[in-house]
Amino acid sequence: MSAVNESVVREYFEQLGYLVSQPRKYVPGGRQKTAVEELDLIVFNPQVKEHKVPEHLIWATADLKNVARAVVGVRGWHTERFYVSRFEQTPDILRFVEEAPIRFAEKLLGASPIAKILCIPNLPASGGLKDKTCEVLKLKGLDGVISFRTMLLELAGRVDVNMNYEKSDLLQSIRLLKNYDLIKDSQLDLFIKKRRRPRRTEMKEKIGETSG
């Protein structure tokens, strides 16, 4: 599954004009990863002239317009949200922002400022928990969080059903879903939303109106 997650993130950044490097092509066996091995992707956009990182933590695609260089951590786990407790229980999630991985990235990107981006499914939905999680991530040195929903919607919007994306399994799959109306162009929803069933009280009111 990690390969699928990284494929989504790679395609996303490449569609935005980034050059993407994946420094590690293997999975360490029988030992814990080193800090450098926690680094999933290194990205560079040569079209950005002035590197500037947004102040807020949760990023949309537009927030990348001034981000020239970044290290990227990819964490799938699409069955849950990422709360403060998750980062405390699994500190390896943020090891890619430590000094050793950044020094490694500087060998490729130079000593200029490098943004630190984490790609995850979701942060907490409620305001208080969400704010607390963002505060902790900022203190840990993270610059931005991009959700998989943001990335998938962007890719869905860029895929043309009339193009044959034979060199990308991911883009070709999105193209097929769009071609068969499983992804709606107008709303860029990944799945057609089911009609909400009327609540019992609503049904009673309708029955009352009809009988009256």
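Predicted model: local features only at pLDDT ≥ 70, side-chain atom pairs only at ≥ 80, totals over all residues.
Me: Is Asp181 buried or exposed?
Reply: The relative accessibility of Asp181 is 53%. Exposed means over 50%, so Asp181 counts as exposed.

Me: What is the phi of Asp181?
Reply: Most residues other than glycine have a negative phi. Asp181 is a residue other than glycine, yet its phi is positive, with a value near 60°.

Me: Which residues of the largest nonpolar core touch the most other members?
Reply: This core holds 29 residues. The elements that give two or more residues to it are H1, E2, E3, E4, H5 and H6. The residues that touch the most other members are Val9, Phe13, Leu64, Val72, Ile117 and Ile146.

Me: Which residues does Phe13 contact, leaving aside its neighbours within four places in sequence?
Reply: Phe13 is one of the core residues that touch the most other members. Beyond its sequence neighbours, Phe13 is in contact with Tyr18, Val20, Val43, Leu64, Val72, Ile117 and Ile146.

Me: Why are the buried residues of H3 on the same side of this helix?
Reply: Helix H3 spans residues 99-109, and its buried residues are Pro101, Ile102, Ala105 and Leu109. They lie on the same side of H3 because around the axis they cover an arc of only 95°.

Me: Against which elements do the buried residues of H3 pack?
Reply: On the other side of H3, Glu99 and Lys107 are exposed. The buried residues of H3 pack against E2, E3 and E4.

Me: Is H1 parallel or oblique to H5?
Reply: Two packed helices are described by the angle between their axes and the distance between the axes. For H1 and H5 the axes are 10 Å apart and the angle is about 55°. Angles under 35 degrees count as roughly parallel, and 65 to 115 as roughly perpendicular. The angle therefore makes H1 oblique to H5.

Me: What is the handedness of the crossing in which H1 passes H5?
Reply: Among the residues making the contact are Val9 and Tyr12 of H1 and Met151 and Leu155 of H5. The crossing in which H1 passes H5 is left-handed.

How values were computed. Residues numbered from 1 in each chain as written. Heavy atoms only, no water. Core = buried A, V, L, I, M, F, W, Y, C linked by side-chain atoms within 4.5 Å. Buried < 20%, exposed > 50% of the residue type's maximum accessible area, 1.4 Å probe, protein only. Helix = DSSP H or I, 4+ residues; strand = E, 2+ residues; numbered from the N terminus. Contact = heavy atoms within 4.5 Å. Arc of directions from axis to C-beta. Axes fitted to C-alpha atoms, helices over the stretch in contact; angles between N-to-C directions. Parallel < 35°, antiparallel > 145°, perpendicular 65-115°, else oblique. Left-handed = near helix turned anticlockwise from the far one by under 90°.
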